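Please read the following note with the sequence and the structure in view. The points are numbered so that each may be checked in turn.

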Amino acid sequence: MRPSSITDGDHALRALVQSRPLFGFDFDGTLAPIVSRPDEAHVSSAVARPLQRLAARAPVAVVTGRAVDEVRPRLGLRADVS
């Protein structure tokens, strides 16, 4: 068995995305760390950048009990992503 490489992972990801799956992520505790004050929760740029790249290639859903208008600005995504 040969070790996998980044190239193998890139090919596998491209094949998966071409099948148009829906990628769903929970906001509190997954995309954003749990914080003592919920109004301080936000997605770090280290998470927002790859999430933005994924959203450009496939449908992405954020699962949360928060209102859409409350969570959208906490995602750190560009304004053209809804």
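Leaving aside neighbours within four places in sequence, with which residues is Ala-61 in contact?

1. Contacts of Ala-61. Once neighbours within four places in sequence are set aside, Ala-61 is in contact with Leu-22, Phe-23, Gly-24 and Phe-25. Ala-61 itself belongs to strand 2, and Ala-61 is the bridge partner of Gly-24 there. The C-alpha atoms of Ala-61 and Phe-27 are separated by 9.8 Å, and these two residues stand 34 residues apart along the chain.

2. Confidence. The model under review is predicted. The average pLDDT of the chain is 85, and 88% of the residues score at least 70.

3. Overall arrangement. The chain contains 3 helices and 2 strands. Along the sequence, these elements follow the pattern α-β-α-β-α. Of the contacts in the chain with a separation of 6 or more, 68% are between residues 24 or more positions apart.

4. The strand pair. Strand 1 and strand 2 (residues 60–63) run parallel and are joined by 4 bridges. Between them the chain passes through helix 2 (residues 45–57), and this β-α-β crossover is right-handed. One of the bridge pairs links Asp-26 to Val-63 in strand 2.

5. Val-60. This residue also has its place in strand 2. Val-60 counts as partly exposed because its relative accessibility is 26%. The C-alpha atoms of Val-60 and Gly-24 are separated by 5.8 Å, although the two residues are 36 residues apart along the chain. With residues up to four places away in sequence not counted, Val-60 touches Leu-22, Phe-23, Phe-25, Leu-51, Leu-54 and Ala-55.

6. Core and surface. How many residues make up the largest nonpolar core? There are 9 residues in all: Phe-27, Leu-31, Ala-32, Ala-41, Val-43, Ala-48, Leu-51, Val-71 and Leu-75. In soluble globular proteins, nonpolar side chains tend to be buried together. Leu-31, a member of this core, touches Phe-25, Asp-26, Val-43, Val-47, Leu-51, Val-62 and Leu-75, with residues up to four places away in sequence not counted. Of the 82 residues of the chain, 21% count as buried. The chain exposes about 6000 Å², and carbon and sulfur atoms supply 57% of this area.

7. Arg-20. A backbone detail deserves attention here. Arg-20 is not a glycine, yet it has a positive phi of about 60°. Arg-20 is placed in the loop between helix 1 (6–18) and strand 1 (23–26). Is Arg-20 buried or exposed? Arg-20 counts as exposed because its relative accessible area is 51%, and the exposed class begins over 50%.

Conventions. Residues numbered from 1 in each chain as written. Predicted model: local features only at pLDDT ≥ 70, side-chain atom pairs only at ≥ 80, totals over all residues. Heavy atoms only, no water. Buried < 20%, exposed > 50% of the residue type's maximum accessible area, 1.4 Å probe, protein only. Contact = heavy atoms within 4.5 Å. Areas by Shrake-Rupley, 256 points an atom, 1.4 Å probe, with all protein chains shown as cover. Core = buried A, V, L, I, M, F, W, Y, C linked by side-chain atoms within 4.5 Å. Pairing = 2+ DSSP bridges. Right-handed = clockwise from strand over helix to strand, strands pointing away. pLDDT = per-residue confidence, 0-100.
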